[in-house]
Amino acid sequence: MFRFEISEYKERLYHTKKKMQDQGIDVLLISDPANMNYLTGYDAWTFYVGQIVVVSIDEEEPMWIGRDQDVNGAHITAWMNEKNIIPCPEEYYHSDEKHPMDFFARLVHLTGKSNRPIGVEMDMYYFTATTYEALKHALPNATLKNANALVNWVRLVKSDQEIDYMKKAATLAENAMTVGLEKIDVGARENEVVADIYHELIAGTEAFGGDYPAVAPLIPSGDDTSALHVTWSDRKFHANDFAILKLAGCFSRYHAPLSRTIATGETPAKIKDGAKRCVEGLHAALDTIQPGATCEEIEAAWRRSVEKHGVLKDTFLGYSVGSNYPPDWGSHTANLRQGDRTVLKPNMTFHMIPRLWIGDSGIEVSETFRVTENGCETLTDFERKLFVK
C-alpha cells in the first residue's frame with residue numbers, strides 16, 4: 001500500500017514539470033532521497049549509494065534507477081509501472097573503474113535525451129563531486145543546468161494527507177519529550193535518556209508506530225548548551241545543571257521537531273528571565289503568522305520582542321520542514337530570517353526555533369507550526385517554559 005494516492009503523486013509530478021518548463025529543463029535527475037520519495041514513493045535506506053530518479057518533461061511517469069539488489073524495494077514502495085524501475089548492475093558500485101552515473105547516463109542517451117537540457121541537484125548531500133564529473137564525462141554533449149531545490153520548492157505547500165502525517169509525528173514528539181524530561185535528573189546519563197527517547201519515538205502509540213528521524217536527538221548539557229548541535233555522551237547530569245532537549249517525531253518520513261530546556265536544581269534569575277523572554281518572543285512571532293505575511297516579517301516580530309529587553313539576536317529563527325532523510329529534516333527552501341521574502345500560504349509548515357544565550361548557557365523553546373487560512377496552528381501541544389527539577 002502506498003502512503004499517498006497515486007493521483008497525489010501525479011499532481012506532484014505535474015507541478016514539478018511546470019517548474020522544469022519555467023527553468024528550461026527537459027530532463028531532471030533527482031538524487032535527493034526526500035525528493036525521490038515525494039515523486040515516486042520510494043523508501044529505503046539506500047541513499048548512501050548511487051541511485052537516481054529521472055523526470056522527463058514528455059514522459060508520463062518518472063523512472064527510478066538504482067542498485068540491482070534494491071530493485072525489489074522500489075517495486076514494493078514506488079507507484080510507477082515496472083518498466084520504469086531499472087536495476088543498475090552491481091559492477092558499477094564500489095568500483096574505481098565504473099560509476100553508477102555511467103549507467104544512468106547511458107540510459108539517458110539511449111532514450112534520446114542526452115542532447116536536451118538536463119537539470120541536476122547540484123548542492124544535495126548525496127550528489128558528490130565525483131558524481132558530477134562522471135555525469136559530465138558520460139554526457140559530453142548535454143547541457144547541464146543547476147536544478148538545486150527545484151522539487152523542494154514544490155514540496156513547500158503540504159497536502160492535507162501530509163499535514164495528517166506531520167500531526168502524527170507531533171504526537172510522537174510530545175510523547176518522547178515527556179519521557180526525556182522525566183528521565184533527565186541528577187545522576188542519570190545522557191545516553192540513557194536518549195535510549196528511552198528513541199524507544200518512545202519508534203514504539204509509537206497503539207494506533208501507529210514511528211520512523212527513524214532524519215536527525216538524532218540532541219541533548220547538550222552544562223556548558224555544551226552554548227553549542228547548537230551536540231548529541232550525547234555518557235556524561236551524568238548533576239545538581240544545578242542545564243540541558244536542551246531537541247528531537248523530532250517522524251511518521252512516514254514526515255517530521256515534527258520540538259525542543260525544550262530543563263534545569264536540575266537551583267536556577268539563576270537571569271536564566272529564568274531569559275526563558276521568559278524566549279517564550280514571549282515565540283508568542284510574538286506566532287501571532288504574526290498569517291497567509292500573505294513573509295518569512296522575514298515573522299523573524300522581525302521575534303527580534304523586536306527580545307530586543308526591547310536589551311537582547312541582541314541573530315536573524316535566523318527557523319526553516320521549512322516536512323519529509324526528509326538523514327542527515328537533515330529541514331527542507332532547504334524558505335527560512336524565517338531577514339531577507340527571506342517568501343510569502344506564507346496555508347499548509348506551509350515550519351520549525352520555529354527561538355533561542356537565547358545567557359553567559360555560557362543556552363535556552364531553546366521551539367515549535368513546529370502550520371500556516372492556516374487565518375493564522376497558524378502549532379502541531380504539538382507542550383507547555384512552553386523552562387522546566388525545573
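Author: Welcome! Helices (H or I, at least four residues) and strands (E, at least two) are DSSP runs, numbered from the N terminus. This is a predicted model, where local features need pLDDT of at least 70, side-chain atom pairs count only at pLDDT 80 or more, and totals for chains, interfaces and linings use all residues. Residues are numbered from 1 along each chain as its sequence is written, and side-chain values use heavy atoms, with hydrogens and water left out.

Reader: What radius of gyration does the protein chain have?

Author: The radius is taken over C-alpha atoms, and the globule rule is 2.2 Å times the number of residues to the power 0.38. For 389 residues, a compact globule would come out near 21 Å, and the value for the protein chain agrees with that. The radius of gyration is 23 Å.

Reader: What share of the residues counts as buried?

Author: Buried means under 20% relative accessible area, exposed over 50%, and partly exposed in between (1.4 Å probe, protein chains only). Among the 389 residues of the protein chain, the buried share is 56%.

Reader: Which residues have the most contacts inside the largest nonpolar core?

Author: A nonpolar core is a set of buried Ala, Val, Leu, Ile, Met, Phe, Trp, Tyr and Cys residues joined through side-chain atoms within 4.5 Å. In soluble globular proteins, nonpolar side chains tend to be buried together. The largest core here has 41 residues, and those with the most contacts inside it are L28, I30, V55 and W64.

Reader: Where is the cis peptide bond, and what is its omega?

Author: P327 lies in the loop between β9 (316-321) and β10 (330-337). A cis peptide bond joins P326 and P327, with omega about 15 degrees.

Reader: Is R253 buried or exposed?

Author: R253 sits in the loop between β7 (241-251) and β8 (254-264). Its phi is near 75 degrees, a positive value in a residue other than glycine. With a relative accessible area of 1%, R253 is buried.

Reader: What does H332 count as at 35% relative accessibility?

Author: H332 lies in strand β10. Its phi is also positive, near 65 degrees, in a residue other than glycine. At 35% relative accessibility, H332 counts as partly exposed.
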